[in-house]
Amino acid sequence: MKIAQIAGFLGSGKTTLLIDVSKELVLRGHRIAIIVNDVGEINVDARFIESYGLKAKEISGGCICCQIAGSFANTLAILHDTFKPDIVIVEPSGVAIPWGLKRAAEYSEAETNVIIEHAPVITLVDAMRIDLLMDSVKRLVETQIREADVALINKIDAASEEQIEKSRKLIRGINPTAEIMLVSGRNQIGLKEVADLIEKRVSPRYDEAVEKELLRKQYGSA
Amino acid sequence: MEEDDELHLELHRAADELGKFAAKLRIRDDKGMTPERAKKFMDSLLTTVTKECFHDGADLIGHVKAFMNTPTGTMMGSLVDLEIGVQLTPSLERKFHEADITLHVIVHGIWDDKVRDAARRGIEKVIKQYGVKLEVLQDYFETEKSIEHHLKK
């Protein structure tokens, strides 16, 4: 069962992209389940996603990469045993750490007969609000970019060339090895390419040493 | 607490720079609400709540979202930038009298208690403007405000 996480700060367009990519993957014959997570007690996205006829599970009340990792693993195991998806797309809370989420997903292997693999970690970057976000929530945005395999610069239909270029430079500065793609969730630009990423490629499994190194790079601790 | 746990916690604490409020609401319109009026209502609700938050000191929208569930269909509304405005995804088929709305507000710059007060003020203004009845089914303030949920047990 492949886990595909679509990370990104609040308002970066995760839910819109997730719905359209899921529909595309369903058309290609995949059985898709979606997990949405919020640190708060409720999440409005699950009901919206289900209104498109997609299978969605909501996990609320904490972050699935650590505090309620057990609930996440348990939900994956139950989904595997009952719905039998071949791909689970995860919309983590705006504060989840992608490597922590990989580890949490792999916990499900102890709960049922499943082998977890990971699609490339995708992080959405909101080109329209890049300046605002870097002023106010810099650390969160940096972390999500740092742990991405692929960074999607979103809203290119509305963003200026300058905003797109600034987003590109920001990503390059934080994560020089990340692939960068330009997308527009609203106009479905890049949609098939994102579906290809999830369908055809894999990202390494959790490695504690890698996570520690990423955290240390972020905070500069010894 | 181990060093890595502290780093992890520090990152999560960054999330608490964001003020949050959520509520489940039920509105009733005795005259009936058309899909067009429902769209205007949703637009007003999200815009007014957001403006009230900015009035009280918020400087960035995380997201302000609402999902409306009615006997004749559903509608999602999302506001990320006041200049761009509310994005609506309606699938309402005809007039309805009652709707349940899940409202979720996350902004940067003010804490949860201020977000709650501003959101409530915004809700009341819109309810009055549209002349509909309001029942608050659930207010999630008490469960949202704590940093405890970030601490590893």
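Predicted model: local features only at pLDDT ≥ 70, side-chain atom pairs only at ≥ 80, totals over all residues.
Biologist: Where do I start? What pattern does chain B follow along the sequence?

Modeller: List the elements in order. Chain B has 4 helices and 6 strands, and they run α-β-α-β-β-β-β-α-β-α.

Biologist: How do I check the length of a helix, say α3 of chain B?

Modeller: Compare the expected span with the distance between the end C-alpha atoms. Helix α3(B) covers residues 112–130, and at 1.5 Å a residue its 19 residues should span 27 Å; the ends are 27 Å apart, so the two agree. Just after α3(B) comes Gly131(B), with a positive phi of about 60°.

Biologist: Which residues of α3(B) are buried?

Modeller: For burial, count the neighbours: 20 or more other C-beta atoms within 10 Å makes a residue buried. In α3(B) the buried ones include Val115(B), Ala119(B), Ile123(B) and Val126(B). Over chain B, 40% of the 153 residues count as buried.

Biologist: Which strands does β2(B) pair with?

Modeller: Look for bridges. β2(B) pairs with β5(B), residues 96–108, in the antiparallel sense over 9 bridges; there, Lys65(B) stands opposite His104(B). β2(B) also pairs with β3(B), residues 73–79, again antiparallel, over 7 bridges. Here Asn69(B) stands opposite Thr74(B), and β2(B) and β3(B) form a hairpin with 2 residues between them.

Conventions: Residues numbered from 1 in each chain as written. Chains lettered and ligands numbered in written order. Buried ≥ 20, exposed ≤ 12 C-beta atoms within 10 Å, placed from the backbone. Expected span 1.5 Å × (residues − 1). Pairing = 2+ DSSP bridges.
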